[in-house]
Amino acid sequence: MDEPASGPVPAPIAGSEALAALWVYWHGRRRGRAMPSRKDISPIDIPKLLPHLTLVERLDNGAFRLRLVGTAVAEAYGFDATGKTIDEILPEPRRSTAKEHYAAVFASGRPMFNRNRYRTSRVAELVVSRLVLPLGDEFGRIVLLLIGHVFEFDTTVRGEYGAGTAAYAAGDHLEYLE
C-alpha cells in the first residue's frame with residue numbers, strides 16, 4: 001500500500017485508533033479533492049478497519065441502503081444488515097436521526113462525526129461513535145457514505161433507560177469535521 005499524505009486528525013476522533021486511521025486513509029485518498037472516489041478506496045489497504053465499516057448508498061427513492069456491514073458492526077447490533085434499508089432495520093427515533101445525518105453528508109459533502117448512546121436489546125448501554133465520510137464518482141458527486149463505527153458497551157443500567165428496553169438518546173454529539 002502506498003502511504004497517503006494525511007491531514008491532522010480532528011480532535012473528536014483523535015482518541016479512537018480505528019476512526020483516526022480511517023480519517024487518515026480517507027483524507028490521503030482525497031488527493032486535493034473534496035472527497036475520494038469509491039474507486040480510490042480499496043479493502044486491501046485497510047484490512048484492520050473493515051470490521052468497523054459500513055457502506056451506505058442513497059436509492060432513487062431517497063431511502064438509504066447498507067451495501068456493506070462489517071463484522072464488528074453486525075456483532076454490536078446483533079445482526080448483519082447488509083442489503084437492508086434504514087427503514088427496515090431501525091426503530092424510531094433512531095431511524096429519523098440516521099436519515100438526517102446521512103442526508104446532511106450527502107447534501108454538504110462534509111465529513112461528520114457523531115456519538116450516540118442507547119440501550120440494546122441485550123440490556124447493555126451502547127455508545128457508538130461514527131465517522132461518516134462521503135465518497136464520490138468521477139464527477140465529484142457523492143455516491144456512497146463510508147462510515148467507521150466504534151462501540152463502547154456498559155452492562156450497568158444507567159439513567160432513564162429501563163432494563164430490557166430499546167431506548168435511544170438522540171443527538172448526544174454531532175459535528176462536521178474539516
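A contact here means heavy atoms within 4.5 Å. By that criterion, and leaving aside residues up to four places away in sequence, R130 touches L19, Y77, R94, M112, F113, N114, N116, Y118, I147, G148 and H149. The model is predicted: local features need pLDDT of at least 70, side-chain atom pairs count only at pLDDT 80 or more, and totals for chains, interfaces and linings use all residues. Residues are numbered from 1 along each chain as its sequence is written, and side-chain values use heavy atoms, with hydrogens and water left out.

**Overall architecture**
- The protein chain has 4 helices and 6 strands (DSSP runs, numbered from the N terminus: helices are H or I with at least four residues, strands E with at least two).
- Along the sequence, their order is α-β-β-α-α-α-β-β-β-β.
- Of the 178 residues, 47% are buried (under 20% relative accessible area; exposed is over 50% and partly exposed in between, with a 1.4 Å probe and protein chains only).

**R130**
- R130 belongs to strand β4 (residues 125–136) and is counted as buried because its relative accessibility is 2%.

**Aromatic pairs**
- The structure contains 4 aromatic pairs (rings of Phe, Tyr and Trp, the last by its six-membered ring, with centres within 6.5 Å; planes under 30 degrees apart are stacked, over 60 edge-to-face, the rest tilted).
- F64 and Y102 pair edge-to-face, at 5.5 Å centre to centre and 75° between the planes.
- F64 lies in strand β2 (residues 64–69) and Y102 in helix α4 (residues 94–108), so this pair ties together parts 38 residues apart in sequence.
- Both F64 and Y102 are buried.
- Ring pairs link F64, Y102 and F106 into a cluster.
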